[in-house]
Amino acid sequence: MKSLVTLLLAFTPLFVLSQWDKTGKPFQEKLDYYHAAKEYESSMDSVNSSDLIQYARVLYYQGEESKALEVFKVLMDKGELNTVKDLNAFHTCVMKMQYMSDADFLWKYGQTYTDAGIMGFSDTLIKSKDEFLIQSTCFNSDDYEDLSPFIIGDQLCFVSARPSNSSDLGKYNYNNQFYYDIYTVDGCNVKPLKASKVLPSNVNTKFHDGPAHFVNDSSYFFLTRNIEYSSIINLGLVYSHRDSMGQWSAWTPFNFNSEFYSTQHPFFDATEGKLYFSSDMPGGNGGFDLYYSTLTDSGWSKPKNCGVDINSAGDEVFPYYHSGALYFSSNGYKSLGGLDIYRYSNGEIRSVVGLNSMGDDY
């Protein structure tokens, strides 16, 4: 990586202004990180700090932690990393590549993190006392993402980027994976989730489907799905409801989807009638915040932010409510790396240390 660092430190901004927009940025704006990284790399003879940040981000999201670390180190030494996402990405790369110990990292960069609004970095978060035994399942795939399990009746389902009937669309270049579909588990075998007497039709479409939440007691099925607008494709929520005759409704878009922001990761608390979700809608505390909307006789209420006790200057995602506690993932707290899992109850945030790793946990 020495040659990369040498190239990073030598730049001519005037050349960049005329040339850089023709390379990585157009791909990055489309979330095509795979091609963005390749284009940025091809132009590393002339960069400025703003471009370096973008290059580090696409390397990180492509899983190229070693290359991203070299770029992040240059930016940190220049004092030009100042957003929660970038700081946590840098921390994750440091931990994964064993560049320095966590204690040394805290000593050298802790104040920078605190100034950027990363919660719990100076003060140790309360650690959960739960104990977990973690082992891999036999139905995990080696090369594709498997995530967000949920239950339909007594059947385990999950989201996966493994090849499916929609794979003819090619890979999603944000992470060079196929589009998400929902699968069911039968022993060590999996198969795409399909319509049946107990499920609505068209669960899996040609683009992203999932994460999802099926609510057995209330006959609601919620999905994260690509919503296509005139000029952009965002993530949005859709839901189907089963009536007293057992008939499922057509998929209905959530009232507060928008072409200007995303809504994602639904969890419906049937007891309280609250739909929890993650969104980067305006007015939040950081990137993605957690919100809830209440189902009333007149429809869904205006989303309410879950508040500063939960939402940080970073991203809060993947909410799950259980036994009076709200579980979620965040990169806005001092973590072991990337997203970590936290539990909020009785006004306290606890790090669920038995489940968290140096990678993303959600």
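Visitor: Which residues of helix 5 are buried?

Guide: This is a predicted model, in which local features need pLDDT of at least 70 and side-chain atom pairs count only at pLDDT 80 or more, while totals for chains, interfaces and linings use all residues. Residues are numbered from 1 along each chain as its sequence is written, and side-chain values use heavy atoms, with hydrogens and water left out. Buried means under 20% relative accessible area, with a 1.4 Å probe and protein chains only; helices are DSSP runs of H or I with at least four residues, and strands are E runs of at least two, numbered from the N terminus. In helix 5 the buried residues are Ser49, Asp51, Leu52, Ile53, Gln54, Tyr55, Ala56, Val58, Leu59 and Tyr60. Because 10 of its 13 residues are buried, helix 5 is largely enclosed by the rest of the structure.

Visitor: What span does helix 5 reach from its first C-alpha to its last?

Guide: The expected span is 1.5 Å times one less than the number of residues. Helix 5, residues 49–61, reaches 19 Å, close to the 18 Å expected, and just after helix 5 Gly63 takes a positive phi of about 80°.

Visitor: How many bridges join strand 2 to strand 3?

Guide: Two strands pair if DSSP finds at least two bridges between them. Strand 2 (residues 146–152) and strand 3 (residues 155–160) run antiparallel and are joined by 5 bridges, with Asp146 opposite Ser160. Their hairpin has 2 residues between the strands, and Gly153 there takes a positive phi near 65°. Strand 3 also pairs with strand 4 (residues 181–186) in the antiparallel sense over 4 bridges, where Phe158 stands opposite Tyr183.

Terms used:
Buried < 20%, exposed > 50% of the residue type's maximum accessible area, 1.4 Å probe, protein only.
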